[in-house]
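I opened my notebook to look up salt bridges. Here is what I went through, entry by entry.

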Amino acid sequence: LRYLKSALSPISLEDCDRIENYALQWGIDGKKWLTDWTMHPEGLQEVWTDANIQDLDSMNEIRRIFMAPLQKLSEAFRNATHLSQQVLGIYSFFEDIHLQTRLSDLAVKMDASGDNRSAQILNQLWDILLSALEQMDGVLGQTQWDSDSFLRLFKLLLSQYDVGTIPPVLDTLTVGPVSAMRCQQVKHLIVLGAAEGKFPSY
């Protein structure tokens, strides 16, 4: 449910609300997410209308859409005998949910809304994720890790990365006379394009 409520959810917010209400209403957990739901969408009801049947069919279709990549990821970890296979499983999951495209689209929306800093951060996340996975594979690829240990290691590795952004005030050019650059705080000034001996000594 945390995944479905996130900004990278594969379903709409309205569909997420429907799924969450049904899951809470009927106590959906564990393997119940993997099988077709058959309980009444409105709770304890004996009468089924055509609208109820269509609603349940729609929710089952939505459930299949977001559960298929998650089930594939779960099976990849269950069958993995070393860390390289776990890394490959996560990368396949990222591809299945089109994570790179989703991050890029979200960055464009944030940039358009004026949130330039968040857009800059999102544009770096895909490369950071790939770098982290490549590091894990390169250093520990042939070692064996259970799922919980792998997750702790992956979180620890990601926490060591810095996401840098350029403040808008620094990402600018100042145009003017050289005298405008001379101040007491500047110890050294590098002038590009000045011919030797042609620059006034003062």
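Is Glu 20 buried or exposed? I found that Glu 20 counts as buried, at 17% relative accessibility. (Buried means under 20% relative accessible area, exposed over 50%, and partly exposed in between, with a 1.4 Å probe and protein chains only.)

A note on what I'm looking at: this is a predicted model, where local features need pLDDT of at least 70, side-chain atom pairs count only at pLDDT 80 or more, and totals for chains, interfaces and linings use all residues. Residues are numbered from 1 along each chain as its sequence is written, and side-chain values use heavy atoms, with hydrogens and water left out.

Next I searched the whole structure and got seven salt bridges. (That's a side-chain nitrogen of Lys or Arg within 4 Å of a carboxyl oxygen of Asp or Glu.)

I looked up Glu 20 again: its side chain forms a salt bridge with Lys 5, at 2.7 Å from N to O. Glu 20 sits in helix H2 (residues 13–26) and Lys 5 in helix H1 (residues 2–5), so this pair ties together parts 15 residues apart in sequence. (Helices are DSSP runs of H or I, at least four residues, numbered from the N terminus.)

Then I checked Asp 36 and Arg 64, whose side chains meet in a salt bridge of 3.1 Å, N to O. Asp 36 lies in the loop between H2 and helix H3 (50–79) and Arg 64 in helix H3, so parts 28 residues apart in sequence are tied together. Asp 36 is partly exposed at 45%, and Arg 64 is partly exposed too, at 36%.

Definitions and conventions: Helices (H or I, at least four residues) and strands (E, at least two) are DSSP runs, numbered from the N terminus.
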